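Please open the model in a viewer and keep the selection panel at hand.

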Amino acid sequence: DPRVRINPSILAADFVNMQSEVERIATADLVHVDVMDNHFVPNLTFGPQMVGRIQDVSPVPLDVHLMIDDPDRWAPGYAELGAYSVTFHAEAAHDPVALARRLRAIGARAGIAVKPGTGVEPYLDLLEEFDQVLVMTVEPGFGGQSFMPETMPKLHALRQAVAARGLDVWLQVDGGITEETIVTAAAAGADTFVAGSSVFRGEPADRIAALRAAALPH
Ligand code: DX5
Ligand code: ZN
């Protein structure tokens, strides 16, 4: 089903072998790239220079997830280097709609992300402004945490709003996605699935295929 997208997170990859790691996930839809700044989240990964090099060698386009303060200042740079999608956090952005418009004008898909404690109600009437909404299913900052099912009502609300208005906004979940939890997230309305440890822990091509199969309607 082309409506199911599996985006492995390279946060779980071996950072010193990034080229061979992205080559192992060539059957993915997009490569999910977690940018962290030690301020918005208590962890630090990499910035535009590294993301640009990953893009140079990746067989599939990049889905950049910015867990940083002041995305209004930094997000356009990731769109300019050619990321397919750039997602910033609602909690950090000063003007989410203006920022999404700038990202689209540069040519990237614009995404807005919410932490587990952040509601989606303020954004339901603004969905036309975004290409994707990322509902965090763990507290952002680290891989390998457990999926939080209490975030699922947000997926239901988003799916209902998207369907009611006939929009094509991708609904993404990120954190603790496994062959079991993906079933719950898909049933709640998600169509785009980020998975870090569950993909890189095994043979990535097999794990991607298994996640894809599990996400299809049962
Ligand atoms: C967490 C990151 C996630 C993380 C997911 O802050 O945004 O993308 O890599 O990792 P897993 O799938 O291991 O929970
Ligand atoms: Zn992420």
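**First selection: strand β1**

Begin with strand β1, residues 5-8, which is covered on both faces: Arg5 and Asn7 on one side, and Ile6 and Pro8 on the other, are all buried. A residue is termed buried if 20 or more other C-beta atoms lie within 10 Å of its own, exposed if 12 or fewer, and partly exposed in between, with C-beta atoms placed from the backbone. Helices (H or I, at least four residues) and strands (E, at least two) are DSSP runs, numbered from the N terminus. The model is a predicted one, in which local features need pLDDT of at least 70 and side-chain atom pairs count only at pLDDT 80 or more, whereas totals for chains, interfaces and linings use all residues. Residues are numbered from 1 along each chain as its sequence is written, and chains are lettered from A and ligands numbered from 1 in the order in which they are written.

Asn7 stands opposite Val194 of β8.

**Second selection: the annotated positions**

Which residues does UniProt mark as "binding site"? The unreviewed entry places this feature at His32, Asp34, His65 and Asp174. Although they span 143 residues in sequence, no two of their C-alpha atoms are more than 10.6 Å apart, so they gather at one spot. The feature "active site" is placed by the UniProt entry, also unreviewed, at Asp34 and Asp174. UniProt positions follow the numbering used here, feature names are shortened, and annotations may be inferred rather than shown by experiment.

Select His32 in strand β2. His32 counts as buried, with 29 C-beta neighbours inside 10 Å. Leaving aside residues up to four places away in sequence, His32 touches Asn7, Pro8, Ser9, Ile10, Asp63, His65 and Val194, where contact means C-beta atoms, placed from the backbone, within 7 Å.

Asp34 is also found in strand β2 and is buried, with 24 other C-beta atoms within 10 Å. Beyond residues up to four places away in sequence, Asp34 touches Ser9, Leu11, Thr45, His65 and Met67.

Move to Asp174 in strand β7, which is buried with 26 C-beta neighbours inside 10 Å.

How many residues surround ligand 1? There are 22, the closest being Ser9, Leu11, Gly143, Gly196 and Ser197; a residue is near a molecule if its C-beta atom, placed from the backbone, lies within 6 Å of it. Two or more residues of this shell come from each of β2 (31-36), β8 (192-195) and α8 (197-200). By class, the shell holds 8 nonpolar, 12 polar and 2 charged residues. Here Ala, Val, Leu, Ile, Met, Phe, Trp, Tyr, Cys and Pro count as nonpolar, Asp, Glu, Lys and Arg as charged, and the others, Gly among them, as polar.

In α7 (residues 181-188), select Thr181, Ile182, Ala185, Ala186 and Ala188, which are buried. Viewed down the axis of α7, these buried residues fall within an arc of 160°, so they line one face of the helix; the arc is that of the directions from the helix axis to the C-beta atoms. They pack against α6 (152-164), β7 (170-174), β8 and α9 (204-215). Gly189 follows α7 and has a positive phi, near 125°.

Terms used:
Contact = placed C-beta atoms within 7 Å. Pairing = 2+ DSSP bridges.
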